[in-house]
Amino acid sequence: MSDAVRRFELAAWELAPGQYAAGFGRATAAFVPALLAAGGVGAGMRVLDLCCGLGMVAASAQALGAEVDGVDFSPAMLAAARRAVPGAVFRQGDAAALPLADGCRDVVLVNFGVHHVPEPVQVLREVRRVLVPGGRAAFTVWAAPARNQAWRLLFDAIRRHGVPGTGNAPSPQGGLSEPGQCVDLLVRAGFAAVEAEVVEARWEVADAAALVAAFRTGTARMAALIGAQSGGQMQMVVQDMQDAAAEFRDGAGLSVPIAAVVARGVVAL
Ligand SMILES: C[S@@+](CC[C@H](N)C(=O)[O-])C[C@H]1O[C@@H](n2cnc3c(N)ncnc32)[C@H](O)[C@@H]1O
């Protein structure tokens with residue numbers, strides 16, 4: 001199963017960079033400030049952006065005066081990150097086996113990466129290995145659809161007009177969308193002073209079609225679910241989402257509430 005997840009994820013992320021920054025990356029970017037704060041990032045710290053994608057977290061940490069680098073397993077994402085953040089080093093590597101020495105970073109940040117790997121606890125053990133004593137880890141995962149309106153709009157519409165639960169995506173081990181699950185994971189990985197909370201933000205998009213396009217071009221499992229629906233079903237899904245999103249209209253576009261769990265832990269001294 002682990003290899004199947006990795007292959008499925010890598011194939012998806014290799015296709016993502018072209019559309020990511022203007023699409024799904026606008027949703028992940030909304031949580032970068034909370035992630036930097038959870039990691040206590042400051043000037044002069046050695047900060048790793050893990051599962052870095054286009055390096056948005058690295059760029060923001062660099063702007064705070066940190067020494068940054070990034071790791072991701074997707075060559076296409078890394079090529080885009082190198083163009084976007086020229087001052088940082090981006091390495092190819094698997095989050096479960098980092099190409100880094102023990103105790104070489106002060107902070108490791110993972111923005112929406114931990115839930116994409118076959119064994120999240122193994123990734124957090126690796127994160128702990130590369131941190132100095134007293135070093136901090138922080139990560140984000142999406143909160144459950146009940147709190148995450150963009151996800152709820154899509155899932156509800158597919159339930160009404162399409163075929164839910166399709167898409168042939170291998171599932172990683174268990175969902176990860178509640179603060180308690182994130183705390184448990186960090187504790188199992190050996191972190192101290194563990195905390196997790198739900199943070200809310202808004203995702204500004206033109207309309208429901210743009211929302212669906214962002215999910216289709218900037219995610220792995222959601223893209224597979226959308227890809228498994230017929231063209232006719234997706235037309236009805238988009239129209240349903242547009243109607244249901246009326247309460248989120250803001251000027252000419254939509255301002256959709258989204259939410260993430262922001263979790264953190266410290267390596268005991
Ligand atoms: C949702 S994107 C998040 C990207 C970025 N952190 C952001 O905030 O937008 C997930 C990223 O995790 C990477 N990824 C997924 N599984 C990975 C693994 N096992 N090892 C390293 N990177 C992985 C993907 O290539 C992708 O860039």
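1. Contacts of Ala201. Setting aside neighbours within four places in sequence, Ala201 is in contact with Ala30, Phe31 and Ile258. Ala201 sits in strand 6. The model is predicted. Is Ala201 buried, partly exposed or exposed? Ala201 has 15 C-beta neighbours inside 10 Å. A residue needs 20 or more to be buried and 12 or fewer to be exposed, so Ala201 counts as partly exposed. Ala201 and Val57 are 144 residues apart in sequence, and their C-alpha atoms are 17 Å apart in space.

2. Gly53, a contrast in burial. Gly53 lies in the loop between strand 1 and helix 5. Gly53 has 28 other C-beta atoms within 10 Å, so Gly53 is buried. Not counting residues up to four places away in sequence, Gly53 touches Tyr20, Asp72, Met77 and Ala81. Phe90 is 37 residues from Gly53 along the chain, and 9.9 Å separates their C-alpha atoms.

3. Around the ligand. Which residues come nearest to the ligand? Of the 21 residues around the ligand, they are Trp13, Thr28, Cys51, Gly53 and Asn111. By class, this shell holds 10 nonpolar, seven polar and four charged residues. Helix 1 (2-14), helix 3 (25-29) and helix 5 (56-63) each supply at least two shell residues. The largest share, three residues, comes from helix 1.

4. The chain as a whole. Its secondary structure comes to 12 helices and eight strands. The radius of gyration is 18 Å, close to the 18 Å that the globule rule gives for 269 residues, so the chain is as compact as a globular protein of that length. Along its principal axes, the C-alpha trace spans about 55 × 40 × 35 Å. Buried residues make up 48% of the 269. Now take the contacts between residues at least 6 apart in sequence. Of these, 76% join residues at least 24 apart.

5. The nonpolar core. In soluble globular proteins, nonpolar side chains tend to be buried together. Here, the largest nonpolar core has 89 residues. Which members touch the most other members? They are Leu50, Val108, Leu109, Leu154, Phe215, Met241 and Val262. Strand 8 (residues 253-266) gives this core its largest share, eight residues. Take Met241 as an example. Not counting residues up to four places away in sequence, Met241 touches Leu153, Leu154, Ala157, Ala208 and Leu211.

6. Helix 10, one face inward. Helix 10 covers residues 208-218, and its buried residues are Ala208, Leu211, Val212, Ala214, Phe215 and Gly218. Why do they line one face of the helix? Seen down the axis of helix 10, the buried residues fall within an arc of 160°, so they line one face. What do they pack against? Their partners are helix 2 (17-20), helix 3, helix 8 (149-161), strand 6 (192-205), helix 11 (221-227) and helix 12 (231-244).

7. Helix 7, for comparison. The buried residues of helix 7 (residues 120-130) are Pro120, Val123, Leu124, Glu126, Val127, Arg128 and Val130. Glu126 and Arg128 are in that list, and Glu and Arg count as charged. The buried residues of helix 7 pack against strand 1 (46-50), strand 4 (105-111), strand 5 (131-142) and helix 9 (179-188).

Conventions: Residues are numbered from 1 along each chain as its sequence is written. This is a predicted model: local features need pLDDT of at least 70, side-chain atom pairs count only at pLDDT 80 or more; totals for chains, interfaces and linings use all residues. A residue is near a molecule or strand if its C-beta atom, placed from the backbone, lies within 6 Å of it. Helices (H or I, at least four residues) and strands (E, at least two) are DSSP runs, numbered from the N terminus. The radius of gyration is taken over C-alpha atoms; the globule rule is 2.2 Å times the number of residues to the power 0.38. Two residues are in contact if their C-beta atoms, placed from the backbone, lie within 7 Å. A nonpolar core is a set of buried Ala, Val, Leu, Ile, Met, Phe, Trp, Tyr and Cys residues joined through C-beta atoms within 7 Å. The arc is that of the directions from the helix axis to the C-beta atoms.
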